[in-house]
Amino acid sequence: MPPTQLNGRVFPPCPKSDDLIHLFNAAPLWNPVEFRKTHWGQYQWNGEEMELWPDASGAYNSAIQAYQANNVEEAIDLAETAIELLPRFAEPYIHLSVMYQKFQDWENCVDTVRRAYESIQEEVPDLHFCLGRALHSQGHFGEAIVEFQKEVSVSGKNYNLLRWMLQTFDDRLEPIFRKGNDWANRLEIRSLAGCALVCGFRALAIQSDQGLAKHLCGLWDDFEKTGEWSLETVQALTGMTLNQFKGFRHSFGGR
């Protein structure tokens with residue numbers, strides 16, 4: 001799978017830890033909260049599309065209400081009606097993809113996101129995350145990482161997204177460890193573990209999680225076995241000073 005570009009940034013399926021650090025430090029395209037507050041204004045065009053807007057927005061609002069009332073089939077039908085009326089209307093695609101992701105209906109989730117990017121010209125929150133979740137569930141870990149990176153570029157990092165990125169790197173590490181080949185794939189392990197640590201420590205900075213903290217200590221042990229590390233390595237991967245990191249490992253890693 002070749003690298004994928006979005007907004008001038010390249011997202012490889014096998015990024016390096018430095019790539020992720022740069023991505024996490026960059027300003028996102030959207031603030032998702034502000035997007036939802038202000039985005040509707042762009043659909044009020046002149047001509048036929050302006051005439052369709054009241055019906056399309058009405059169908060979408062009704063879809064949200066139906067979903068909140070647990071009328072899932074009605075919510076799907078109404079969202080599809082909004083899309084049929086106004087194919088460039090991004091919010092119904094977001095609603096559908098998020099809903100399919102929650103119900104783990106991965107086939108329809110992928111189809112919805114693909115249709116969205118055939119019809120709308122801009123990048124919007126949630127679509128890449130939902131597609132990444134679907135691809136991850138299907139075992140396409142490299143493609144999932146690409147979509148998760150694109151979601152960070154669009155919406156910025158958040159705890160849930162970072163945890164799924166960490167999980168994906170973990171899933172790519174697991175079969176390597178299972179081979180039991182005495183760390184013959186040392187460079188690959190170091191690269192994947194480094195990426196996992198970057199994602200995990202950024203997630204931990206957003207939300208305290210003792211289980212995650214203990215897991216990161218185990219990941220560091222795996223990383224440490226692959227070669228030497230420096231103060232700069234600790235700071236880059238964890239965002240901590242050396243003393244902070246030593247205290248962290250003493251608290252959660254038994255050292």
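Biologist: How much space lies in the largest pocket, and what makes a set of grid points a pocket rather than a cavity?

Modeller: The largest pocket holds about 300 Å³ of space, counted as the volume filled by probe spheres on grid points joined across faces, edges and corners. On a 1 Å grid over the protein atoms alone, a pocket is an open set with protein on both sides within 12 Å along at least five of seven lines, whereas in a cavity a 1.4 Å probe fits but cannot get out. This is a predicted model, in which local features need pLDDT of at least 70 and side-chain atom pairs pLDDT 80 or more, while totals for chains, interfaces and linings use all residues. Residues are numbered from 1 along each chain as its sequence is written, and side-chain values use heavy atoms, without hydrogens and water.

Biologist: What makes a residue part of the lining, and which residues lie nearest the centre of the largest pocket?

Modeller: A lining residue has an atom within 4 Å of a point. The largest pocket has 14 of them, with Arg36, Tyr60, Ile64, Ile94 and His95 nearest its centre.

Biologist: Which helices each supply at least two residues of that lining?

Modeller: They are H2 (32–38), H3 (48–68) and H5 (90–102); H5 gives the most, 6 residues. Helices are DSSP runs of H or I with at least four residues, and strands are E runs of at least two, numbered from the N terminus. The protein chain has 13 helices and 2 strands.

Biologist: What share of the 255 residues is called buried?

Modeller: The share is 45%, buried meaning under 20% relative accessible area with a 1.4 Å probe, protein chains only.

Notes: Buried < 20%, exposed > 50% of the residue type's maximum accessible area, 1.4 Å probe, protein only.
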